[in-house]
Amino acid sequence: LLQQYPRLLDLYPLTPTQQGMLFNTLYRPESQMGIEQMHCRLEGVLDLAALKHAWQQVLARHSVLRTAFAWEAVAQMLQIVQSEVELPWVYHDWRIHAAEQQEQELETFLAADRARGFDPTVAPLLRCTLIQLSDERYCFVWSYHHLLFDGWSMPLLLQELFTFYSDVEAALPP
């Protein structure tokens with residue numbers, strides 16, 4: 001495992017629920033089972049670098065967000081926690097498109113992003129996309145695998161994200 005995961009920090013067995021989710025993901029990858037996607041509109045002046053930095057801080061703080069999974073050549077299914085991972089972050093600028101075309105492209109993007117899925121052996125099992133729709137309007141898309149956390153954890157992670165973003169904003173020069 002050290003060769004495949006040079007940044008290995010810790011190993012944990014999967015919970016029974018995670019074992020079931022991983023089995024379903026591997027058994028029927030085309031089903032998109034376990035792929036979660038949250039998207040929302042953001043309005044106002046947004047500091048793109050600060051937002052990305054805040055997300056990276058959330059990943060650094062929570063080991064589960066830096067976790068991959070192993071099931072081959074191991075005695076039991078394992079969570080592989082890595083010391084650090086790079087946040088998959090994509091930015092699209094759709095300001096040149098009319099609002100109707102933006103909505104069509106968004107629907108196409110969301111479907112393609114879900115279909116992309118995740119490789120459970122590669123952390124992080126999440127990605128972020130920020131789509132700029134106008135000078136002060138954005139669509140933020142957060143895709144992740146349900147193996148990482150449950151729905152109760154999402155508001156806590158988002159609260160942390162906004163706290164980190166506010167702290168970064170306060171520290172940046174005007």
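Predicted model: local features only at pLDDT ≥ 70, side-chain atom pairs only at ≥ 80, totals over all residues.
**Backbone exceptions and two helices**

P124 lies in the loop between α3 (99-116) and β6 (126-134). The peptide bond joining A123 and P124 is cis, with omega at about 5°.

Q32, found in the loop between α1 and β2 (35-43), is not a glycine, yet its phi is positive, at about 60°. With 25% relative accessibility, Q32 counts as partly exposed. A73 sits in the loop between β3 and β4; its phi is likewise positive, near 60°, and A73 is a residue other than glycine. A73 is exposed, its relative accessible area being 90%.

I turn now to helix α1. This helix covers residues 16-27, twelve in number, and reaches 16 Å from its first C-alpha to its last, close to the 16 Å expected at 1.5 Å a residue. Which residues of α1 are buried? They are Q18, M21, L22 and T25. Viewed down the axis of α1, the buried residues fall within an arc of 95°, so they line one face of the helix. That set packs against β3 (67-70), β4 (78-82) and β7 (137-145). On the other side of α1, P16 and Y27 are exposed.

Finally, consider L157, in helix α4 (residues 153-171). L157 is buried, at a relative accessible area of 8%. Beyond its neighbours within four places in sequence, L157 contacts V58, H62, L65, W142 and F149. The C-alpha atoms of L157 and W55 are separated by 9.5 Å, although the two residues are 102 residues apart along the chain.

Terms used. Residues numbered from 1 in each chain as written. Heavy atoms only, no water. Helix = DSSP H or I, 4+ residues; strand = E, 2+ residues; numbered from the N terminus. Expected span 1.5 Å × (residues − 1). Buried < 20%, exposed > 50% of the residue type's maximum accessible area, 1.4 Å probe, protein only. Arc of directions from axis to C-beta. Contact = heavy atoms within 4.5 Å.
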